Amino acid sequence: MEAPIESLINELLNDPNALQVENLKLNGVNITLVSCDHELEKMPKADPWQAIEYEIQKSSLVYVEYFPYELESTVYNNPIWGRLARAAGKAKGINHFFDKIGDLAIKHEKEVAVADIANGPKYSIYHAGLRAVPGPLLMSVAPDKFGSFLGVCSLVYGNGMSMQELFRIGAFDLERKNFERFIIDMEDARRLLTAKGIRQEVEKRVEGSQLTYIAPRAHVSRVKWYLEHPNDIVSNTKAKAYSLAAGLPRSTRIYKNSKMFHSWQLVSDIPTKV
C-alpha cells in the first residue's frame, strides 16, 4: 500500500491544484489550513467536498476567505459596484464555493469567521491606488532627480506587482517566496491581517480547540507563514502601516446561523490588534 506522504506527492504532481490539508498547533489550539481554490478551472480534479466537510465537522470555528452573506451587505448591495461585484463573484466561483461551505457549517452547527479585509469597494481603491499613485505623485511633488528616481522605482514596483498577479507568479504563486517579506501590497495586507486575526482568536480559545481556515493555496501558504512567525519585525511593521488604511474591516467577524430566523447573524466583531 502506498504511504500517505507518497500518495500526497503523487496527487500534487498529477494535479497542482489538489486539495491540501495542513495542521498547526499554537498555544495548544489546533489550526487546520485547507487549501482549495474556488475558481472552477482551478478546483482539484478529485472531489474535495468530503474532506472539506470532515474538517468543518470537527472544527469549532471555520475561517473563510470570503463569506457571501457578508458580501451581500458590504458590496453586492452597492448601487454602483454591486452588480459588477456579484457578477465577478459568480464568475470566480466565490459565491458557489463559499455558499457551499456555509451550508456545511449550518449542517454541522458551526460558526463562520471572516478576517479578510477585501470585502468592499474601499479595498479595491486601496489596492489600485497603492500600485498606481505613488510613482506619479512622487514625480510631481519632487521633480528633482531624487524624486524622479523614486517615482520611477514606484512605477516599476507597482507594475511588477500587477504583472505578478496577472500571471500568478512571484507573490501570487501557490507557494510563498522569501522576497515577499519586504513586499508592500494590499494582497499581502489581506494575508498578514488574516493571520493576525486568527492568532488573536487562538489566544482566546481553550487548549484543544479546533479552528479551520479555508482559502486558495496562494493565500493559505502566506497565512501559514505569518502564523508561524508572529514576532517578525518586518511583518509587524507592515501590519501597522496597513492599519492606516481607513475604512477597511480590520477585525474578525463571526457569524452564527439562527434557526429561528433561518439566516446568518453577526455575533462578534473583534478588532484585530496590530
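**Exercise 1. His108**

Locate His108 in this predicted model, decide whether His108 is buried or exposed, and state which residues His108 is in contact with beyond its neighbours within four places in sequence.

Solution. 
1. His108 lies in the loop that runs between α5 (94-107) and β4 (111-114).
2. The relative accessibility of His108 is 18%. The cut-off for buried is under 20%, so His108 counts as buried.
3. With neighbours within four places in sequence set aside, His108 is in contact with Glu53 and Gln57.
4. For Glu53 there is also a polar contact, made between its side chain and the side chain of His108 (2.8 Å).

**Exercise 2. Helices α2 and α5**

Describe how the axes of α2 and α5 cross, and list which residues meet.

Solution. 
1. Two packed helices are described by the angle between their axes and the distance between the axes.
2. Helix α2 covers residues 49-57, and its axis comes within 10 Å of the axis of α5. The two axes cross at roughly 45°.
3. This angle makes α2 oblique to α5.
4. The crossing in which α2 passes α5 is right-handed.
5. From α2, the residues involved are Trp49, Ile52, Glu53 and Ile56. They meet Phe97, Lys100, Ile101, Leu104, Ala105 and Lys107 in α5.

**Exercise 3. Strand β2 and its partners**

Work out in which sense β2 pairs with β1 and in which sense β2 pairs with β5.

Solution. 
1. Strands of a sheet pair through backbone hydrogen bonds, either parallel or antiparallel.
2. Strand β1 (residues 20-26) pairs with β2 in the antiparallel sense, over seven bridges. Among the bridge partners are Asn23 with Thr32 and Leu26 with Val29.
3. β1 and β2 form a hairpin, with two residues between the strands. Asn27, in the turn, has a positive phi of about 55°.
4. With strand β5 (residues 210-215), β2 pairs in the parallel sense over six bridges. Val34 has Ile214 in β5 as its bridge partner.
5. β2 (residues 29-35) is mostly covered, with six of its seven residues buried.

**Exercise 4. The whole sheet**

Give the order of the seven strands and explain why one side of β1 and of β7 is left without a neighbour in the sheet.

Solution. 
1. The open sheet has the order β1-β2-β5-β3-β4-β6-β7, with mixed pairing.
2. β1 and β7 (263-271) stand at the edges and each has a single partner strand, so one side of each is left without a neighbour in the sheet.
3. From one strand to the next, the twist averages 25°.

Note on methods. Residues numbered from 1 in each chain as written. Predicted model: local features only at pLDDT ≥ 70, side-chain atom pairs only at ≥ 80, totals over all residues. Heavy atoms only, no water. Buried < 20%, exposed > 50% of the residue type's maximum accessible area, 1.4 Å probe, protein only. Helix = DSSP H or I, 4+ residues; strand = E, 2+ residues; numbered from the N terminus. Pairing = 2+ DSSP bridges. Polar contact = N/O pair within 3.5 Å; in protein donor to acceptor, adjacent residues only side chain to side chain. Contact = heavy atoms within 4.5 Å. Axes fitted to C-alpha atoms, helices over the stretch in contact; angles between N-to-C directions. Parallel < 35°, antiparallel > 145°, perpendicular 65-115°, else oblique. Left-handed = near helix turned anticlockwise from the far one by under 90°.
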